[in-house]
Amino acid sequence: MRPALAYLAGEVELLARAGLLRTWRPASVSEGMLDACSNDYLGYGLQSYVAGPARQTGARGSRLITGDSAVVCDLEDEVASWVGQERALTFTSGYAANVGVMSAIAEAGDLVVSDERNHASLIDGCRLSRAAVRVTAHRDVGEVARALREGSFRRRWVVVESYYSMDGTVSDVAGLRDVCDRAGAGLIVDEAHALGVFGQGGGGICRREGVGADVLVGTFGKAVGVQGAFVAGEALVRQWLWNRARSFVYSTGLSPMLGSVVLQNVRRARADEVGRRRVWDYAALVRGRLREAGLAVVAGSCGPIIAVLAGQSATCLEWERRLAARGVNVRGIRPPTVAEGSARLRVTVSASMKSQDVARLASALVECAR
């Protein structure tokens, strides 16, 4: 081991003792194993792709140089229409989109009011922006309003997820829009886990509530079943990000071949009301069984993300092992992804499941987590 890296052995050992060490596992699920932990809510992620008109495999450079393509531009028009915004800009990942938008939109001298359970990508973007950050209690619109009244700042922003990926809880985007309008603040909403699942056409929670976010982020790696992300808003927002979002400017553009697959799946997701209904029915069935059995499910949660609270990391890992022994793939979520003492199984349902799969999942969870 190189001397400069010797300290890492001790750090890894500390993680292992605390039950927080993450280890590599084979990516594929064993044959016969029920997958109940992916974000593939509509079940598109494992389906074969029939090549469309865009067969160019690589973008070959940044969008600002050689990496633009007609199919990616068509995709941006499609997703802007999907979420009810004027324009959209694609990014290579949801992480890149959130880091890019927060560090380009907010600046030193601004205030960002951020929900305490926002994704790491939003937190990192806030740090890079050099704006002052005020963290508020989860889904507490009143605290957001109070935070916006504090201090003297050039501009104020509120950033939330519409549907929280570790809890399955929904933000009051209508209440936040009202608070922002009263304070002259901008509203930034990450709809990553809501798109495809919530609202008519799967257009997300803002679309369902008739709320216009100033900036809206979405991804293609969840219900759309592929990879990549986008930021949507007014044409001026797209123009600014094209010039100032470093994670966009200095990244190779989205592959035309990938863009073609994403466009196909976005159009499919917009029309897939049957799949959406199946997801909601399955989620209600599993959540109901767990509550009947007296298991602690995150209060106020809904939709395909079902968080079963274990408390301690060791308990959570034991539940995970018991489920794996029964042929059910569910992963335990531990700190620092969630708060200390709130380790949980993050269970998800998919439209690709059959009714017998859902019954098997619910029974296994009750047996293993009691």
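Helices (H or I, at least four residues) and strands (E, at least two residues) are DSSP runs, numbered from the N terminus. The model is predicted: local features need pLDDT of at least 70, side-chain atom pairs count only at pLDDT 80 or more, and totals for chains, interfaces and linings use all residues. Residues are numbered from 1 along each chain as its sequence is written, and side-chain values use heavy atoms, with hydrogens and water left out.

**View 1. Asp-110 sits in a loop between a helix and a strand.**
The loop that holds Asp-110 runs between helix H3 (94–105) and strand S3 (111–115). Asp-110 is buried because its relative accessibility is 0%; buried means under 20% relative accessible area, exposed means over 50%, and partly exposed lies in between (1.4 Å probe, protein chains only). Contact means heavy atoms within 4.5 Å. Leaving aside neighbours within four places in sequence, Asp-110 is in contact with Ile-105, Ala-131, Ala-132, Phe-153, Arg-154, Arg-155 and Trp-157.

**View 2. Helix H2 packs its buried residues against several helices and strands.**
H2 covers residues 70–83. The expected span of a helix is 1.5 Å times one less than its number of residues. For the 14 residues of H2 this gives 20 Å, and the end C-alpha atoms are 20 Å apart, which agrees. Val-71, Val-72, Leu-75, Glu-76, Glu-78, Val-79, Ala-80, Trp-82 and Val-83 are the buried residues of H2. Their packing partners are strand S2 (87–91), helix H7 (205–209), strand S7 (215–219), strand S8 (229–233), helix H8 (235–244) and helix H10 (256–271). Just after H2 comes Gly-84, with a positive phi of about 75°.

**View 3. Arg-63 and Glu-76 form a salt bridge.**
A salt bridge is a side-chain nitrogen of Lys or Arg within 4 Å of a carboxyl oxygen of Asp or Glu, and by this rule the count comes to 24 salt bridges. Side chains of opposite charge can pair when their charged atoms come close. Between Arg-63 and Glu-76 the N to O distance is 3.0 Å. Arg-63 lies in the loop between S1 and H2 and Glu-76 in helix H2, so the pair ties together parts that are 13 residues apart in sequence. Arg-63 is buried, with a relative accessible area of 4%, and Glu-76 is also buried, at 3%. A network of salt bridges links Arg-63, Asp-68, Glu-76 and Arg-238.

**View 4. Arg-182 pairs with Asp-178 within helix H6.**
The closest N and O atoms of this salt bridge are 2.9 Å apart. Arg-182 and Asp-178 are separated by about one helical turn because they are 4 residues apart in helix H6 (residues 173–183). An α-helix has 3.6 residues a turn, so residues three or four places apart point the same way. Arg-182 is exposed, with a relative accessible area of 69%, whereas Asp-178, at 38%, is partly exposed.

**View 5. Arg-134 forms a salt bridge with Glu-143.**
Their closest N and O atoms are 3.2 Å apart. Arg-134 is partly exposed at 25% relative accessibility, while Glu-143 is buried at 16%.

Most residues other than glycine have a negative phi, and most peptide bonds are trans. Arg-60 is exposed, at 66% relative accessible area. Arg-130 is exposed, at 65%.

Cys-126 is buried, with a relative accessible area of 4%, and Cys-206 is buried at 2%.
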